[in-house]
Amino acid sequence: MTRERIVSYKPASEEEEKFIWSLRPQTLDEYIGQEKIVEKLKISLQAAKSREEPVEHILLHGPPGLGKTTLAYIIAKEMNSKIITSSGPALVRPGDLMGILTNLKKFEVLFLDEIHRLPTVVEEFLYPAMEEFKIDFVVDKGPFSKTLNIPLKHFTMVGATTRAGFLSAPLRDRFGIFYHLDFYPEGELKQIVKRSAHILGTEIEEEAAAEIAKRSRGTPRVANRLLRRVRDYSQVKRDGKVSLNSTREALKLEGVDEAGLDELDRKLLHMIIDYYKGGPVGIEAISATLNEEADTLEDMVEPFLLKIGFLQRTRKGRVVGEKAYQHLRIESQAGPQEALFK
Ligand code: ADE
C-alpha cells in the first residue's frame with residue numbers, strides 16, 4: 001500500500017521533486033552538516049584533481065533523504081564533469097548497463113541509486129567495469145558464443161544504498177571510499193531551513209526555523225517539505241511571514257507532531273502496544289498487521305524511531321521504547337528493560 005506521507009523521504013510528485021531540487025546545495029562549500037564527510041571528500045577530490053585522475057569509486061550509505069544523491073551531483077560538479085544516473089531496480093540485464101558504461105567519458109560519474117537491489121547478473125557484469133575498466137560481453141549462445149572484451153574510460157562510480165548490509169562483499173570491496181550519512185542534528189537542520197527560506201524569499205522567525213528542524217526527523221528532505229507546507233499556510237492564513245504560531249498550526253493540520261511523527265509512525269507504535277503488548281514482535285507481523293511492505297517500514301519508518309529510542313530492535317523483534325510511551329502519553333506495562341526480556 002502506498003500513501004503520501006508528508007514526512008516521507010520520497011517526493012510526492014514531479015513538481016515537488018523540482019521544488020526540493022531547487023533547494024539542493026550544488027557545491028561542498030554550500031553543503032550544511034555531515035562535516036567529516038564533506039572534509040574527507042574535499043581532500044579526495046582535490047588530490048584526484050591534482051593528479052588529473054578520476055576520484056575512486058564511492059559508496060554512500062544511510063537512510064533516505066539525507067543527501068546521497070545530492071552528494072553524487074556535487075562530486076560530478078566538483079570534478080567539472082557530468083553525471084549519469086540510474087538505479088538498481090532499473091537495471092534488469094547486463095545489456096541495460098552496456099550502453100551506459102561504453103558511453104561514459106573519463107571523469108564522468110555514474111550514480112547508481114539503490115545499488116543493493118541490482119540483480120546478481122548485472123552486479124557481476126559491473127565487477128570488471130569497476131575494477132579494470134573493461135567489460136566482458138557475451139554475444140550469441142551455445143557453440144557460437146563469443147566474449148567481447150570492451151575497454152572503458154576511467155569513470156567514477158558513486159553507489160547509494162539504504163542497506164549497506166545487503167551488499168555482497170565483492171561489490172562492497174570494489175569501492176575505495178565509504179561514507180555513512182547519519183541523521184542531522186537539529187541545529188544543522190535549522191540552518192538548512194533558514195537557507196531554504198532565504199532561497200525562496202520567505203521571511204521566517206528563528207523560533208519557527210527551530211520548530212521545523214525539530215519536527216524534521218533529522219532529514220533535510222523532510223525539513224524542506226515541511227517548510228513548503230508551512231510557507232503555504234502562512235501565506236494563506238497569515239501575513240506570509242513564517243512565525244512559530246503559523247508553523248505549529250500548519251504542522252498540526254498536517255498531522256506532524258512535536259517529535260516529527262506522522263500518522264503512520266503513531267499507528268505503528270500504537271499497534272505494537274495494543275496488539276503485542278509493546279513487543280517484541282517481528283517485522284513481518286508488523287507489516288501484515290499494518291498492511292505496509294516490510295521493506296518500506298524498515299527503510300522509511302523504523303530508522304528514525306530507532307534513532308530516537310522510540311523503538312528498539314532485539315533478537316526477538318521490535319520493542320516499543322519507554323520514550324515512545326511518554327510521547328504518546330500511554331502508561332507502559334513494563335519498563336524498557338523488562339520489555340526486552342519478557
Ligand atoms: N538542502 C538539503 N540538504 C542540504 C544540506 N545538507 N545543506 C544545505 N542545503 C541543503
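Student: How many aromatic pairs does this predicted model contain?

Tutor: The count comes to four aromatic pairs, and the model is a predicted one.

Student: Why is the pair of Phe 133 and Phe 155 called edge-to-face?

Tutor: The ring centres of Phe 133 and Phe 155 are 5.4 Å apart, with the planes at 90°. Centres within 6.5 Å make a pair, and planes over 60 degrees apart count as edge-to-face; the pair of Phe 133 and Phe 155 is therefore edge-to-face. Phe 133 lies in the loop between α5 (120-132) and β4 (134-139), and Phe 155 in the loop between β5 (146-151) and β6 (156-161). The two are 22 residues apart, and the pair links distant parts of the chain. Phe 133 and Phe 155 are buried.

Student: What makes the pair of Phe 183 and Phe 304 edge-to-face?

Tutor: The planes of Phe 183 and Phe 304 stand at 75° and the centres are 5.6 Å apart, so this pair is edge-to-face. Here too distant parts of the chain are linked: Phe 183 belongs to the loop between β7 (177-180) and α7 (186-200), and Phe 304 to helix α13 (residues 294-307), 121 residues apart.

Student: Why is Phe 304 called buried?

Tutor: Its relative accessible area is 7%. Buried means under 20%, so Phe 304 is buried. Phe 183 is buried as well.

Student: What makes Arg 228 a charge over the ring of Phe 19?

Tutor: Arg 228 lies over the face of Phe 19, at 4.4 Å from the ring centre, and the distance limit is 6 Å. The charged end of Arg 163 likewise sits over the ring of Phe 166, 4.7 Å from its centre.

Student: Which residues surround the ligand, and how do they divide?

Tutor: Among the residues around the ligand are Leu 23, Glu 30, Tyr 184, Arg 195 and Asn 224. The shell divides into seven nonpolar, one polar and two charged residues. The elements giving two or more residues to this shell are α7 and α9 (220-237).

Technical notes
Residues are numbered from 1 along each chain as its sequence is written. This is a predicted model: local features need pLDDT of at least 70, side-chain atom pairs count only at pLDDT 80 or more; totals for chains, interfaces and linings use all residues. Side-chain values use heavy atoms; hydrogens and water are left out. Rings of Phe, Tyr and Trp (its six-membered ring) pair if their centres lie within 6.5 Å; planes under 30 degrees apart count as stacked, over 60 as edge-to-face and the rest as tilted. Helices (H or I, at least four residues) and strands (E, at least two) are DSSP runs, numbered from the N terminus. Buried means under 20% relative accessible area, exposed over 50%, partly exposed in between (1.4 Å probe, protein chains only). A charge sits over a ring if NZ of Lys or CZ of Arg is within 6 Å of the ring centre and within 35 degrees of the ring normal. A residue is near a molecule or strand if one of its heavy atoms lies within 4 Å of it. Ala, Val, Leu, Ile, Met, Phe, Trp, Tyr, Cys and Pro count as nonpolar, Asp, Glu, Lys and Arg as charged, and the others, Gly among them, as polar.
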